[in-house]
Amino acid sequence: MVNQSTCKMALSKIDAIDTDIEHIDQEKYLRQATQYYCALEKPLKYGPVVETLPDLISALHREFESNYVNIEMVNHLMLSYKSNPKEWRKYAKFDRYTYTRNLVDAGNGRFNLLILCWGEGHSSSVHDHADSHCFMKMLKGELREKRYRYPNRATSSEDQQQHQQQQQQHEHGEINDHELQEIGDTPIPVNDVAYINDNLGLHRVENPSHADTAVSLHLYCPPFDTCSIFQDNGKKATAKVTFWSKYGVRTKPTEQ
Ligand SMILES: N[C@@H](CS(=O)O)C(=O)O
Ligand SMILES: [Fe+2]
């Protein structure tokens, strides 16, 4: 027979845990979650389906209402949306010389949703994501993501194995101490979602096509204004991130 007082104790313990979760600061919680979250490869089988970009934005707002964000659900929602150019065209503004960052939704200060427009051959520098989660969904064309080990940082287990191998190579004088170590090179086709955080490494993204532009939808949580960029030798600098447009309107240099 179950002892009633034991049950009560167990229940009050559960209450205490739930209460703690509600009191966790969302930003702190999200940053902690970068230590273990990897990525979903496919949408969840029984997850909600979002039909349009406005539906996706509303569903994301709901996910970020609570301090405890279900990051897997965020991933699912990004995967579930199927790109419809009619819905995102008004945000897609290109520059001749560089990729552009166009703000779609500021997520009540809890996340940023951006459309990035990549001209033929455009690329980003090697960079980190300021301890935030980064989801990157292809809306048009195909980007290539090159991944690098985060220099001098404890990383995920798969990467740790590779790191050990590299340490051994290093001991045998085969590897330059400071050079960035490539750990992946992956194409991202339309509607796929790539995921990265600083625990998984750095990346550099490129539109390798000389004929086609590319467009991607990025979700960052928590939002960030600066990140670090890295040279081939691992040297790091802080870079301010700017918006080419906000809500479909070109930003003046003072508002970027
Ligand atoms: N994280 C980059 C784009 S990318 O190369 O992933 C940015 O927000 O500008
Ligand atoms: Fe990035």
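This is a predicted model: local features need pLDDT of at least 70, side-chain atom pairs count only at pLDDT 80 or more; totals for chains, interfaces and linings use all residues.
In which sense do strand 1 and strand 12 pair, and over how many bridges? Strand 1 and strand 12 (residues 245-246) run in the parallel sense, joined over 2 bridges.

Residues are numbered from 1 along each chain as its sequence is written, while chains are lettered from A and ligands numbered from 1 in the order in which they are written.

Strands (E, at least two residues) are DSSP runs numbered from the N terminus, and two of them pair if DSSP finds at least two bridges between them.

| Partner of strand 1 | Sense and bridges | One bridge |
|---|---|---|
| Strand 2 (residues 112-118) | antiparallel, 5 bridges | leucine 103 with leucine 114 |
| Strand 12 (residues 245-246) | parallel, 2 bridges | asparagine 102 with serine 245 |

Strand 1 (residues 100-105) is mostly covered, with 5 of its 6 residues buried. Buried takes 20 or more other C-beta atoms within 10 Å of a residue's own, exposed 12 or fewer, and partly exposed sits in between, with C-beta atoms placed from the backbone. The hairpin of strand 1 and strand 2 has 6 residues between the strands, and glycine 107 there takes a positive phi near 50°.

Now for proline 253, in the segment after strand 13 (249-250). Proline 253 counts as exposed because it has 6 C-beta neighbours inside 10 Å. From proline 253 to threonine 242 is 11 residues in sequence and 9.3 Å in space, C-alpha to C-alpha.

Definitions and conventions: Helices (H or I, at least four residues) and strands (E, at least two) are DSSP runs, numbered from the N terminus.
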